[in-house]
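Open the model in your viewer and keep the sequence panel beside it. The tour below moves from one selection to the next and says what can be found at each stop.

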Amino acid sequence: MSLTINDLPKFPVVPVLEETPDMIYQRWVNRAITLANERGLPPPPVGEGEYFYDLWYPIAQELAEQQELWGYGVLQSTPIWADDEFLDAHGWADGMVRKEGESNDDYRLRILDRAFTEEGNGRRKDYELWAKEIQGVGGAVAVEKERHDNSVDLYLTDMDGQPITPAFAEQVKALMWEDYRIAGHDLAVHPAPIFLVTVKATLETSEDLQQLAETIRQRVDNYANGRSKLLYNYIAALLLVPGVENYSNFTLNDDVLDIDVPPVSFLQVEVILS
């Protein structure tokens, strides 16, 4: 199963990096009051316009900004959360340059996918990773021994998730034959077959159906990733997003049964709501 964005760890909550100037200033006020009480002295005036406030509140503002910058630095320090030029730097350090038009998330997953894969043994996963490094290739599924014991067949999509053209398949094969193929492997490259899953339902909701359709499509797509069987009842539960009271007339590819996904295919999900 390939990594998806939902598989990645979320950035942890770090309260000290999310303090506002008021929160920092209040901590200092509390310390000043505690210290004054310990010394038997009256607490200093701490309201806005007082000397204590004018001295310490600007420092609290500066500290809050520095904590925000530190949090941003932590985000950009790993390819799990980094973006843009910071993500480019992580990829460059690992010998993986961003392809033209490649989004942050696609590039991020490609970097992390290789980090979880032992490269260099010439097996199925290696061919998938090598294919994705080629400009214009978006997704790749490799199948070993489909034609004979030494065959490796690659099924590819473009950057928009559509099957590549036969002409481009020949270009990829020629490039990989020279630069990537392990000696003795009979490599073939094909446009990927697309397996369309159509979700239809009538929803009880006052929300915008187009926005709901996209939200549900993403939920179904995340659930379906890497699965060989899609459960009708499970996908039905995915229809109940915030704002949806109930649903009816739900079908999966115009039926009410589970769906078997062909092993060599790229899944596309279509959601039609009424």
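Begin by selecting serine 151 which, leaving aside its neighbours within four places in sequence, is in contact with Val143, Glu144, Lys145, Glu146 and Asp186, where contact means heavy atoms within 4.5 Å. Before going further, note that this is a predicted model, in which local features need pLDDT of at least 70 and side-chain atom pairs count only at pLDDT 80 or more, while totals for chains, interfaces and linings use all residues. Residues are numbered from 1 along each chain as its sequence is written, and side-chain values use heavy atoms, with hydrogens and water left out.

Serine 151 is found in strand β2, residues 151–157; helices (H or I, at least four residues) and strands (E, at least two) are DSSP runs, numbered from the N terminus. Serine 151 counts as buried because its relative accessibility is 1%, buried meaning under 20% relative accessible area, exposed over 50% and partly exposed in between (1.4 Å probe, protein chains only). Display its polar contacts next: the side chain of serine 151 reaches the backbone nitrogen of arginine 147 at 3.0 Å, and a polar atom of that side chain lies 3.0 Å from the backbone oxygen of histidine 148. A polar contact here is a pair of N or O atoms within 3.5 Å; within protein, one must be able to donate a hydrogen and the other to accept it, and residues adjacent in sequence count only if both atoms are side-chain atoms.

Now select helix α5, residues 124–132, which is largely enclosed by the rest of the structure, because 8 of its 9 residues are buried. The buried residues are Lys125, Asp126, Tyr127, Glu128, Leu129, Trp130, Ala131 and Lys132, and they pack against α4 (104–115), β1 (139–144), β2, α6 (166–179) and β3 (186–191).

From Tyr127, move to histidine 185, whose side chain makes a polar contact with the side chain of tyrosine 127 (2.8 Å). Histidine 185 sits in the loop between α6 and β3 and is buried, with a relative accessible area of 13%.

How do α4 and α5 pack, at what angle and with their axes how far apart? The angle is about 150° and the axes are 11 Å apart, where axes are lines fitted to C-alpha atoms, for helices over the stretch in contact, and angles run from 0 to 180 degrees between N-to-C directions. α4 and α5 are therefore roughly antiparallel to each other; angles under 35 degrees count as roughly parallel, over 145 as roughly antiparallel, 65 to 115 as roughly perpendicular and the rest as oblique. Arg110, Asp113 and Arg114 in α4 meet Lys125, Leu129 and Lys132 in α5. The residues of this contact divide into 1 nonpolar, no polar and 5 charged, with Ala, Val, Leu, Ile, Met, Phe, Trp, Tyr, Cys and Pro counted as nonpolar, Asp, Glu, Lys and Arg as charged, and the others, Gly among them, as polar.

Next, select α1 (residues 21–38) and α2 (residues 51–76), whose axes come within 8 Å and cross at roughly 130°. These two helices, α1 and α2, are therefore oblique to each other. By class, the contact of α1 with α2 has 14 nonpolar, 2 polar and 1 charged residues.

Finish at leucine 257, in the loop between β6 (244–252) and β7 (259–260). The C-alpha atoms of leucine 257 and tyrosine 232, 25 residues apart along the chain, are separated by 5.7 Å.
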